[in-house]
Each structure stands twice: as C-alpha cells, then as structure tokens.
Amino acid sequence: MDILETLKGLWMESGFMGFFAAGGWKNLIMIAVALVLLYLGIKKKFEPLLLVGIAFGCLLTNLPGAGLYHMELWDEFLNEASPYYHSYGHIMQEGGLIDYLYIGVKAGLYPSLIFIGVGAMTDFGPLIANPKSFFLGAAAQFGVFFAFFGAILLGFNGNEAASIGIIGGADGPTAILTCMLLAPALLGPIAIAAYSYMALIPMIQPPIMRALTTEKERSVKMEQLREVSKTEKIVFPILVAGFVILLLPSTAPLIGCLMFGNLLRETGVTERLSDVAQNALMNIVTLFLGISVGATTVASRFLTLNTLKIVALGLLAFCFSTVGGLLVGKLMYKLSGGKINPLIGAAGVSAVPMAARVAQVEGQKANPGNFLLMHAMGPNVAGVIGSAIAAGFLIKVFGG
Amino acid sequence: MNIPDALVTAVMGWAVVFLGIALLVLLVAAAGRIMTAKRPERTLPRPETVPAAPAAPAPRKPEAPGTAGDLMLYDTPDRDAAMIMAIVADELKIPLNELRFISIREVHKK
C-alpha cells in the first residue's frame, strides 16, 4: 500500500481542494457571509430563530464536496425540457439531506405550516375591537408595490419583481412562498433580506416615524378598546378565511392556515392542538425552513449584482411600507379629530409584534403616559392579512 | 414587463389590497355589531327589585379623594400590591390617584 498516494488521494478528494478549483474563492466569500449572519443572529439577536438556521445552511452548502444540496437537481426539476421536470423521485434518488428538506419549501409546505403557528399565537382581539385599523394594514403594503415597480425599473422580470416587492410585506413565510412560486432562483437573497430587515425594524422605522409625524400627533393617547367576546373571536377566523379565499383563491394556503391556527387558539376546546401549533410544530418547521432556505445561497448564484439590488430594494420596500402606513395613519388622525395616533400606522407592516413595539416605544417617548401597544397590534395583525392579500394578488397575476 | 404595465399592476395591486380590506372591515364590523347586539347587557337591578337592606348596615369607610374603587388582589399581599402600584405610578410619572388598578394577580410559573 502506497501511503503517500493514499494521503494524496485523500487530500485531492477533500473539500479543501474545492477552494482551489475554478470559482472556489466564491465559496470562501459565502462562508464569510455565513459567519457574519451567524454573528448577527447569535450576538446581535437578529431574528435568531431563523437567521441562525439560514446562516448554517449557507455555511453547509458552500463547503465544497459536502453534497448536502444540489442546485443542478433543482434546475432540472424546474426545466420543462428535462426528463426530470417536477420529479421528486429524481430528487429523492440523487439528492442530499438538505435536498430532501428543501422539498418542504418547494411544495410550499413550511410557510403554510408556520402560518398555522402564527395564527395560533396571534390575538386578533384588537383588530376585531377596532376594524378600522385594518386600513393601516392595507396602507403598509405600499412598499410591496413600490419595490415591485422599482425592481422592474432595475431590469428584473415580472415574476422576480413580484417576489422582491413582497419583502415589503415584512412577513417571512409570505415572502418565501411567493418567491418559491414565482422566482425560486432568488429565494436565498430574498429570504435573507426579508428576515434581516425584519430584525432591523427598531432601527429602520423610528427615523421615518419621527420625520413624518409631529410631536403633537405622536403624543395622542387613544381610547381604551372595547371588550371582544369569545364568540366574536371564534367567528372571526371563519369569516376572514371564507371571505378572503373566495375573493382571492391564491391566498388559500396562507390565509387558510393562518385562520385555522387562530381558530385552534380561540375555540377553547383544542388547547392541545393550539399548543402544538405554537410550539412544537412551529419550532420543527422553523428548523427545517431555516436550514433549507440557507442552503439555496450557493456561491455561484448568490454572488451576483442582482443580490445587491435585492438587498437595496428590500430596504426601500420596508421604508415605503412604513411611509404608507404612517400617511394613512395621519389621514385617520385628521378624520377622527385627533383621536388616532398616526404612529400605529407604522405597525401595519406585519413583523408581529416588533413593529407594534416600535410604535409603543415611539409613542411613549412623546408622552410617557401613552400606551399604544394594544392599539398598534390591530394594524400589526392586519398587516399579516394585508401582505397575504398582496401576495395572493401577485401570485395570481404572475403565477397564472 | 414594460414600465407602464408595471405601474398599472402596482397601482391595481394596492387598490385590490385596499378593496379586499375595505370589504373585510365592513364584514367584521357588521359581524361585531350583530354579536354585540345579541350579547345580554349587564344591567344593575332596578331599585324596586333590590331586596331591602339589612336593618343596620355597617357604614362604609369614606373613600380617599380620587380613588377609583376597590382593587381585587389574588395571591398578592397588601404590602406587595402597594409597592407595585407605587412603582408603576413612579415609572409612568402619573400620580397614583390618577391610575386605576382593577386587580393584581401573582402569576405562578408552571
């Protein structure tokens, strides 16, 4: 046995040699990106539950030779001319571990399951008590369509622009589902942009809030919300699911699951299921979603000018969603004779409950006796429904 | 997709979101109105139906000026409750007699 030849063979087949192959330096850059994302998730606590998974997926997929995720298999899966078009069997036969997990993303399973958990964790009481706050959730979808238009101006096609625009909905699962259906090749950068900006909401929103509102407007104390009965809370998810799905059938996976989860929470007789949806299910799906989305950040696809454009457009989308919510908030302030604090409009970007907390903090800075949290939760959860409707519209228009 | 089409799609998309939400507002408000109308109102017993008071009712203690009524305490000693109320008033920079505490309950972790 030639020991030297064996050692040489081991070295030549090792992943380290991959870094010296053509384009291997790109993997090194992506590993650095993964480490930065890990730092942001662990140290800075930027949406750690998802960002840590995404970052680790990014690390694993860019280690040469690991073979956990195969972009080329998924290219064949999407290529109508390929014999393996839409063949999950081929993926199961040839794929690696993350390819199997990624099937859940491809089939739109994980975002929908996460929406069951989100529904089970959401109290729609403030929205039911003050249905007008629904309008703020709609207004804050402005950034979605602004970024969509901006993406078209920057040369993206309709499907890609729609997927980029939905970042402005500030709703991770909605962004992932829309992107998966319309422009799967952009999934990595879009998911990373969406979750990073959601974590940055306490930094992105306050300057815009202060620029667009006066001290007097920010210090408005709002009246206490009426009490919402249990029956109303039970009827709400049934009503919303029925109505929105009939209006825009393409919203069915998101709205259907969101409202199902909420019904589990409110019935009072399915506590075990509600508990599973909020905890075990949510955690397991988040785990799979994070690592498989992270794995799509293959160096050859991620390190492009388009990624930088997506990151910039995502930030614009978030900013303009906040602007849309605030402007309609100001309109409601005028129409209500100064009874509505326009800051709650900024909470219309979903990002539950971070955006509502930001409204509370800014309101309290203007007036220490101001408690806007419950009032801001109305537009905040309305934003989830609003972004699902916006996604449904874009999926309908571009997904056929 | 050309720029005019993109603009029309963007405007139409936002309009569809608003329209959908507006219809939802009407639906939710109507459902809320129907359900709150059905809810039996909690009315106080009419004076004529109130049973006669005991012969010698104990005189009520005079309430402190600005008080908002009785506070219900669950598993919370008076002394702790007083401290909690004082801290909340201090944090909010609002005089204690302008705040209304309805109940204070100790939350036991499972």
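## Exercises on a two-chain predicted model

In H3(A), residues A:Met30, A:Ile31, A:Val33, A:Ala34, A:Leu37, A:Leu38, A:Leu40, A:Gly41 and A:Ile42 meet A:Pro48, A:Leu51, A:Val52, A:Ile54, A:Ala55, A:Cys58 and A:Leu59 of H4(A). A contact requires C-beta atoms, placed from the backbone, within 7 Å; helices (H or I, at least four residues) are DSSP runs numbered from the N terminus.

The model is predicted: local features need pLDDT of at least 70 and side-chain atom pairs 80 or more, while totals for chains, interfaces and linings use all residues. Residues are numbered from 1 along each chain as written, with chains lettered from A and ligands numbered from 1 in the order written.

**Exercise 1.** State how the axes of H3(A) and H4(A) are arranged.

*Solution.* Step 1: the axes of H3 (residues 24-42) and H4 (residues 48-61) of chain A, lines fitted to C-alpha atoms over the stretch in contact, come within 8 Å and cross at roughly 165°. Step 2: H3(A) is therefore roughly antiparallel to H4(A) (angle over 145 degrees). Step 3: their contact residues divide into 15 nonpolar, one polar and no charged; Ala, Val, Leu, Ile, Met, Phe, Trp, Tyr, Cys and Pro count as nonpolar, Asp, Glu, Lys and Arg as charged, the others as polar.

**Exercise 2.** Describe the side of chain B that touches chain A.

*Solution.* Step 1: the contact takes 25 residues from chain B and 35 residues from chain A. Step 2: helix H1 (residues 3-38) of chain B gives the most to this side of chain B, with 20 residues. Step 3: the side divides into 19 nonpolar, four polar and two charged residues.

Notes. Two residues are in contact if their C-beta atoms, placed from the backbone, lie within 7 Å. Helices (H or I, at least four residues) and strands (E, at least two) are DSSP runs, numbered from the N terminus. Axes are lines fitted to C-alpha atoms, for helices over the stretch in contact, and angles run from 0 to 180 degrees between N-to-C directions. Angles under 35 degrees count as roughly parallel, over 145 as roughly antiparallel, 65 to 115 as roughly perpendicular and the rest as oblique.
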